[in-house]
Amino acid sequence: MAKASKTSTTKGKAAPARAKAKPAVSNEDPNFALRSLQDALDKKKRYTASEEQLLHFYKQMLLIRRFEEKAGQLYGLGLIGGFCHLYIGQEAVAIGLQSALDSDVDSVITGYRDHGHMLAYGIDPNVIMAELTGRAAGISQGKGGSMHMFSTEHKFYGGHGIVGAQVSLGGGLAFAHQYNEDGGLCLAYFGDGAANQGQVYETMNMAALWKLPIVFVVENNQYAMGTAVSRSSAETEFYRRGTAFRIPGMKVNGMDVLEVRQAAEIAFKYVREGNGPVLMECNTYRYRGHSMSDPAKYRTREEVQGQREKNDPIERLKKELGSAGYDEDKLKEIDKGIRATVADAADFAESSPEPEPGELYTDVLVEEY
Amino acid sequence: MAIELKMPALSPTMEEGTLAKWLVKEGDTVAAGDVLAEIETDKATMEFESIDEGTVGKILVEEGAEEVKVGTVIAILAGEGEDVSAVSAPAAAEEAAPPAQAPAPEATQNAAAPAAKERADDPEIPAGTNMVKLTLREALRDGMAEEMRRDERVFVMGEEVAEYQGAYKVTQGLLDEFGPKRVIDTPITEYGFAGIGTGAAMGGLRPIVEFMTFNFAMQAIDHIINSAAKTNYMSGGQMRCPIVFRGPNGAASRVGAQHSQNYGPWYASVPGLIVIAPYDAQDAKGLLKAAIRTEDPVVFLENELIYGTSFEVAQLDDHVLPIGKARIMREGSDVTIVSYSIAVGIALEAADELAGQGIDAEVLDLRTLRPLDREAVLTSLAKTNRVVIAEEGWPTCSIASEVIAICMEEGFDHLDAPVLRVCNEDVPLPYAANLEKLALIDKERVVAACRKVCYAD
């Protein structure tokens with residue numbers, strides 16, 4: 001019964017392995033299994049990108065940065081309500097990972113800090129910003145808001161407001177990939193805060209048991225709201241937390257888009273070969289507060305400034321482009337273009353109408369009874 | 001002293017069983033722990049062990065005997081030094097000893113489930129359709145199996161649903177027919193697998209998530225409500241979540257407060273969910289099929305105490321019932337008893353008793369709790385002018401409360417008496433048999449309430 005499924009699966013497909021899971025006890029060196037992907041990353045830390053790719057990453061990260069700055073501004077003006085969690089500082093994570101996906105089949109799910117992941121898909125900034133302002137033209141027709149945005153067209157499944165819930169849901173998306181044998185994987189993001197939710201580990205257990213095609217990504221931005229990881233977590237090296245389920249871990253510099261992309265290449269290959277899940281910790285930093293209403297008094301101004309000056313993912317890539325001989329003026333042009341795009345999105349979001357009152361009652365249920 | 005061996009109760013709800021096989025014969029010497037016989041319940045075959053030593057004297061119930069009541073003396077064991085041949089059946093042995101506890105509702109409902117006189121809005125059952133007797137659990141299983149044959153995307157997951165054949169045997173046989181890809185044993189991890197099921201539904205599959213009981217779904221309620229029920233709305237209609245969460249709900253028998261609760265009112269308060277709580281086997285099957293097919297997330301509340309009850313079920317290829325439609329189980333003109341799930345059986349018994357007292361009660365089974373069939377309630381109210389709600393659950397913020405509000409808001413002019421609710425007592429369910437009985441809704445209380453609204457006393 002206990003046939004190893006690693007070699008017997010169709011290449012590129014994660015076939016169902018539930019009934020034929022490997023026995024839990026094995027003679028192999030556990031450290032090797034758990035560290036094998038890390039070792040592969042350590043051998044080659046950074047992805048070799050073409051100039052075109054570098055430029056694309058740069059544009060996308062800059063779009064997220066400028067978009068989020070604008071969102072912060074609109075929030076201050078009262079145009080965006082409720083909770084609004086900005087992704088500034090963390091851009092390299094979404095871009096590095098999602099640029100490596102097979103957009104035809106793979107799915108993505110995340111928590112409430114979700115604007116960046118949507119922009120990483122190339123979704124129109126207008127409809128994202130219009131959702132933030134609660135307008136009918138918003139991607140959720142104004143009924144979801146900042147934390148609840150989805151694009152089934154892009155296989156982006158949200159945008160979830162309950163901390164950690166997206167991890168189990170992501171397990172379900174991975175289950176569907178396996179069930180349908182579509183060769184896809186699910187990329188499930190969560191934060192260092194969500195990493196302490198029980199259901200994350202319930203999901204890891206089942207994902208490993210059933211060899212689900214899922215990459216768990218901890219976006220460790222160092223603070224769960226106002227609580228530093230060292231104050232909330234007994235094990236602060238999150239990539240180790242899959243050990244109990246024999247899930248290999250990877251520790252990645254989430255401030256370097258090329259390292260994230262390289263890690264994605266390694267992890268996705270492993271998962272697509274039917275080996276089951278990977279746990280990837282991307283160490284990153286959010287420059288802003290947890291949400292717009294957070295003054296971030298739990299850390300020093302110097303700490304934030306230090307990250308901005310020494311570690312900024314966009315500046316890093318800008319330098320990279322510069323040393324590749326890319327013209328400074330051209331980069332300025334790019335910035336100008338992105339600022340214009342974001343300004344247009346803000347105008348659109350501000351000027352487009354609110355949902356019709358009748359929309360209050362639509363989409364509660366799909367069918368009529 | 002000869003020892004009487006009695007038909008054992010092998011589950012909290014077992015009242016009778018089949019003595020499948022004797023593994024000893026008269027004259028055999030047995031020690032404590034020896035298996036004496038195999039006994040079949042409606043769920044499983046169990047081994048009956050001796051707890052004493054001695055010699056098998058007389059076997060009083062032959063193997064193969066069916067419907068042997070719990071407590072019936074099935075054999076006599078002679079103690080050390082006793083003359084086996086002299087040991088004979090005591091006079092009382094032929095009769096079933098009365099069970100120590102109050103009879104479970106299962107037994108009484110077996111007798112009292114009359115066929116419906118009218119099936120409002122249900123698809124016609126063609127004249128001459130063959131009717132078969134099916135237990136509720138068989139009907140549920142058949143409903144799932146039919147939908148699994150019809151749609152490859154449908155799968156079942158939960159604790160013990162596959163190899164164990166279901167904790168309550170509702171998924172019996174599904175693993176054999178559909179294999180481990182589609183009938184999936186999960187670890188004991190409700191929050192996790194409810195989330196995985198919900199995510200799989202979002203990803204395009206049609207999961208049936210079984211909770212061993214809905215008490216355990218408390219661990220998973222976040223996904224039922226925050227993930228499954230709300231996402232379609234929050235996404236402006238983009239995200240679908242066609243999932244069925246099903247399992248036994250409500251008080252079982254003597255399992256104490258943590259395992260005895262009716263979650264109907266909880267889930268029925270949530271927009272975005274469909275909540276179904278059927279009573280009989282035909283409705284359970286037809287509504288479960290509808291639940292699996294609908295694009296909306298469904299909470300499907302079954303009742304353990306009636307899993308083993310047999311009902312008439314039409315033998316039709318594909319009988320799907322409408323969600324959101326109540327059913328008149330018994331027509332009447334003096335008072336309407338609105339009910340759902342197990343309490344429908346109690347309501348029907350009460351109606352029978354009331355008939356003997358000159359009160360003609362109508363019994364309405366809501367079947368779906370959300371969306372609730374207001375029209376059916378109000379139509380019946382307009383006809384009888386009196387309403388009593390019979391609900392196996394707490395009274396506060398209950399389905400009964402909701403029905404009362406509907407009657408007040410929209411049926412006030414038709415009311416000849418205040419609407420009364422008959423529910424469980426407003427306490428956690430106690431373990432002691434007498435206290436449990438006092439806490440639960442019963443026929444007498446329903447009869448009394450009906451008499452009250454009819455000003456019969």
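Where is the place of A:Gly159? A:Gly159 sits in strand β2 (residues 156–159) of chain A, where strands (E, at least two residues) and helices (H or I, at least four) are DSSP runs numbered from the N terminus. A cis peptide bond with omega of about 25° joins A:Gly158 and A:Gly159. This is a predicted model, in which local features need pLDDT of at least 70 and side-chain atom pairs count only at pLDDT 80 or more, while totals for chains, interfaces and linings use all residues. Residues are numbered from 1 along each chain as its sequence is written, and chains are lettered from A and ligands numbered from 1 in the order in which they are written.

On the confidence side, the model scores ipTM 0.90 and pTM 0.88. Chain B averages a pLDDT of 91, and 91% of its residues score at least 70; pLDDT is the predictor's confidence in each residue, from 0 to 100. Residues 91–120 of chain B are another matter, with pLDDT under 50 throughout. For that stretch the model has 59 contacts beyond four places in sequence, a contact being two residues whose C-beta atoms, placed from the backbone, lie within 7 Å.

Chain B splits into domain 1 (3–85), domain 2 (131–314) and domain 3 (328–453), with bounds that come from an automatic or database domain assignment. Taken over C-alpha atoms, the centres of domain 1 and domain 3 of chain B are 43 Å apart.

Now to where the chains meet. In all, 36 residues of chain A are in contact with 40 residues of chain B. On the chain A side, α7 (165–180) and α8 (198–210) each supply at least two residues, and α7(A) gives the most, with 10. The residues of that side come out as 16 nonpolar, 15 polar and five charged. Here Ala, Val, Leu, Ile, Met, Phe, Trp, Tyr, Cys and Pro count as nonpolar, Asp, Glu, Lys and Arg as charged, and the others, Gly among them, as polar.

Axes are lines fitted to C-alpha atoms, for helices over the stretch in contact, and angles run from 0 to 180 degrees between N-to-C directions. The residues making the contact include A:Gly170, A:Gly171 and A:Gly172 of α7(A) and B:Gly195, B:Gly197 and B:Gly199 of α4(B). Overall, this contact divides into nine nonpolar, nine polar and no charged residues.

Within chain B, helix α9 (residues 343–356) and helix α13 (residues 443–453) also pack at about 55°, with axes 9 Å apart, and they are therefore oblique too. Among the residues in this contact are B:Ile346, B:Ala350 and B:Glu353 of α9(B) and B:Lys443, B:Val446 and B:Cys450 of α13(B). The tally is seven nonpolar, no polar and three charged.

Most residues other than glycine have a negative phi, and most peptide bonds are trans. The bond from B:Arg370 to B:Pro371 is cis, with omega near -5°, and B:Pro371 lies in the loop between β20 (368–370) and α10 (374–384) of chain B. A:Ala296, not a glycine, has a positive phi of about 55°.

How values were computed:
Angles under 35 degrees count as roughly parallel, over 145 as roughly antiparallel, 65 to 115 as roughly perpendicular and the rest as oblique.
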